[in-house]
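Trainee: I have a new model open and would like to learn how to read it. Could you take me through a few features, one at a time?

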Amino acid sequence: MGTTGDYECPRRVAVTPSKPFLKSLQTSLKETFFPDDPFRQFKNQPTSKKFLLGFQYFVPILEWAPRYTFDFFKADLIAGITIASLAVPQGISYASLASIPPIIGLYSSFVPPLIYAMLGSSKDIAVGTVAVASLLISSMLGKEVSPTENPKQYVQLVFTATFFAGVFQASLGILRLGFIVDFLSHATIVGFMGGAATIVCLQQLKGMLGLVHFTRETDLVSVMHSVFGQIHQWRWESAVLGCCFLFFLLLTRYFSKRKAAFFWINALAPLTSVILGSLLVYLTHAEKHGVQVIGHLKEGLNPPSASELSFGSPHLMAAIKTGIIIGIIGLAEGIAVGRTFAMFKNYHIDGNKEMIAFGMMNIAGSCTSCYLTSGPFSRTAVNFNAGSKSAVSNIVMATAVMFTLLFLTPLFHYTPLVVLSSIIISAMLGLLDYEAAIHLSKIDKFDFFICLGAYLGVVLGSVEIGLVIAITVSLLRILLFVARPRTIVLGNIPNSGIYRSMDQYPIANNVPGILILQINAPVYFANASYLRERISRWIYDEEDRLKSAGETSLHYVLLDLSAVGSIDTSGISMLEEVKKNVDRRGLKLVLANPQSEVMKKLDKSKLIDLIGQEWIYLTVGEAVAACNFMLHTCKSNPVAVDYNAQDNNV
């Protein structure tokens with residue numbers, strides 16, 4: 001008597017047989033870096049077939065091109081021409097945002113889309129420059145080299161930063177480290193993008209008001225001081241022209257949102273604005289009345305720029321830092337956009353493959369006079385709505401941009417800068433996703449504060465500060481989840497053998513004499529100390545509650561380990577200390593449903609022998625049944641008898 005030997009337990013928890021170390025390491029590495037099992041297609045294939053499949057894996061166009069049809073081409077032709085009409089004005093606009101010559105913005109819509117069409121796995125992404133990365137380039141590299149005083153050196157730094165962004169992106173993909181980008185949570189991206197969009201809009205007040213001199217700072221206070229400190233230099237001509245074109249762009253967006261079939265109106269609006277603005281300036285000679293224009297654009301295709309990469313520059317570290325940051329932003333936006341539209345068409349994109357594609361196109365771009373490109377949402381949405389069927393739409397767009405570079409660049413001479421500012425503001429207003437922020441505040445207040453912190457960090461500080469705040473708070477939340485896991489008290493649902501959280505199910509009842517605790521996280525060195533203290537506190541609180549209520553005293557502490565997927569040596573030590581603490585209080589420790597990894601560690605550490613195999617159960621229900629059996633059949637203290645049994649086993 002006094003042991004569970006009299007209780008017939010239907011099943012015992014098995015200890016998983018140990019695997020050889022190398023086999024175990026191989027399994028762990030595969031689960032970490034190859035969760036999608038990309039080598040599955042190579043199994044049982046001849047060598048020649050494996051070589052072909054490997055080539056198709058890294059160059060996806062070889063896989064889908066043989067199945068490409070003329071009907072697909074007709075759809076891609078329309079989509080490609082449509083996004084080209086958006087790529088030209090956006091390319092010029094975003095280049096001015098990055099403080100580089102406008103022609104580089106056009107170059108960036110020629111070579112990178114061709115590279116992506118060969119290497120990318122998305123059918124919908126339309127490659128192009130992005131506003132947030134452009135702003136980052138200007139704010140970070142502009143502090144090192146002045147784009148107005150040393151334009152050549154500045155452009156060289158931009159190409160160098162783009163090169164390192166590409167190397168970083170491709171390295172993440174090749175090394176299968178794409179999960180790093182996942183540390184930018186949805187709340188972080190919403191807040192950061194919203195803050196960056198706000199800053200970009202404020203920066204465009206320079207063009208809208210026709211100001212010549214403007215602050216290089218990006219925070220709200222500096223921008224407002226620069227704007228209102230030069231009231232006497234505001235040009236009413238630019239302001240009126242800018243407001244008219246901004247109203248036109250917002251009106252076309254409104255109509256396209258009201259009816260999806262009118263998407264082309266919004267897609268063609270930027271190019272229409274450029275054409276109308278250029279004609280207006282040309283006919284009225286507005287450039288002589290304070291309206292600034294683009295001026296001369298060099299004809300011809302992208303000149304090679306590999307020799308322009310400044311690896312020996314004293315500002316190399318700044319270029320590397322900028323490259324890594326814009327690389328992360330480019331990946332976060334591009335992959336998120338790609339996955340979103342892939343979900344609409346019910347197909348899958350490979351995140352690591354996308355990283356390699358983005359990286360290679362930026363490496364190639366840096367050597368052909370391009371700066372950072374990704375998969376911007378606005379251009380991809382137009383591509384999707386235009387009915388694109390494959391990445392051929394990017395090839396069509398690149399061909400249209402090539403034609404523009406060869407023959408049409410002189411036509412942009414009279415394009416007013418205020419029109420470009422209107423195009424940027426219109427595009428950025430779409431990134432102010434206030435509905436997502438409201439949604440976050442309703443569902444998860446902590447996520448909302450992460451979003452708000454990222455937004456305010458960008459708007460009141462700088463883009464870099466906002467990014468640091470966003471990532472830091474996200475990592476802090478992850479650490480809190482790991483270091484402060486939830487432990488909950490389980491109770492019995494009446495008339496059932498089910499045990500659930502008593503907070504979630506108020507009808508659940510306490511089991512007399514048994515405290516059932518569930519640990520909802522792996523047990524590591526980071527949370528072992530907290531769990532030890534938290535379990536002790538649960539025991540103290542339960543004993544106080546029973547004493548004040550005059551109920552049956554506590555006899556068993558039952559830990560439900562079903563949610564504990566793994567445990568380290570610190571976790572084992574924690575369980576040993578809990579066992580000693582429970583024993584000192586005259587109680588008995590019982591475990592329920594430990595997972596295979598946990599059982600292996602318990603077995604190797606001999607903790608199973610300390611607790612007793614007979615006190616480890618497959619389910620909470622079986623553990624409770626055994627404890628109840630002991631409580632109702634043993635008059636003496638079961639723990640005291642167990643102590644003797646343990647002493648006899650020593």
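Trainee: Let's start with Ser566: which side chain does Ser566 join in a polar contact?

Mentor: First, some ground rules. This is a predicted model, where local features need pLDDT of at least 70 and side-chain atom pairs count only at pLDDT 80 or more, while totals for chains, interfaces and linings use all residues. Residues are numbered from 1 along each chain as its sequence is written, and side-chain values use heavy atoms, with hydrogens and water left out.

Mentor: Now the general idea: a polar contact is a pair of N or O atoms within 3.5 Å; within protein, one must be able to donate a hydrogen and the other to accept it, and residues adjacent in sequence count only if both atoms are side-chain atoms. In this model the side chain of Ser566 has a polar contact of 2.8 Å with that of Tyr524.

Trainee: And where does Ser566 lie?

Mentor: Look in the loop between strand S4 (556-560) and helix H23 (569-584). Helices (H or I, at least four residues) and strands (E, at least two) are DSSP runs, numbered from the N terminus.

Trainee: Does Ser566 count as buried or exposed?

Mentor: Buried means under 20% relative accessible area, exposed over 50%, and partly exposed in between (1.4 Å probe, protein chains only). Ser566 has 19% relative accessibility, so it counts as buried. Contact means heavy atoms within 4.5 Å, and, leaving aside neighbours within four places in sequence, Ser566 is in contact with Pro522, Val523, Tyr524, Glu597 and Val598.

Trainee: How do I read a helix by its faces? Which residues of H19 are buried?

Mentor: Here's the background: an α-helix has 3.6 residues a turn, so residues three or four places apart point the same way. In helix H19 (residues 434-443), the buried ones are Ala436, Ala437, Leu440 and Ser441. They sit on the same side of H19 because they cover an arc of only 140° around the axis, the arc being that of the directions from the helix axis to the C-beta atoms.

Trainee: What covers the buried residues of H19, and which exposed residues does the face turned away carry?

Mentor: The cover includes helix H9 (186-203) and helix H20 (445-461). On the face turned away from the buried side you'll find the exposed residues Glu435, Lys442 and Ile443.

Trainee: Now salt bridges. How many does the count come to?

Mentor: In general, side chains of opposite charge can pair when their charged atoms come close. The rule is a side-chain nitrogen of Lys or Arg within 4 Å of a carboxyl oxygen of Asp or Glu, and by it the count comes to ten. One of them pairs Lys345 with Asp124, whose closest N and O atoms are 2.7 Å apart. Lys345 is in the loop between helix H14 (316-344) and helix H15 (351-366), and Asp124 is in the loop between helix H6 (111-119) and helix H7 (131-141), so the pair ties together parts that are 221 residues apart in sequence. Lys345 counts as partly exposed at 32% relative accessibility, whereas Asp124 counts as buried at 0%.

Trainee: Last one: which residues make the nonpolar surface patch?

Mentor: Patches are made of residues with over 30% relative accessible area and no salt bridge; like charges are joined within 9 Å, and nonpolar side chains (Val, Leu, Ile, Met, Phe, Trp, Tyr) within 5 Å. Accessible areas come from the Shrake-Rupley method with a 1.4 Å probe; for residues, only the protein chains shown count as cover. Here Phe179, Ile180, Phe183, Leu475, Ile478, Phe481, Val482, Tyr524 and Phe525 make a patch of about 810 Å². Helix H21 (residues 463-483) gives the most to it, with four residues. Phe481 is found in H21 and is exposed, with a relative accessible area of 52%.
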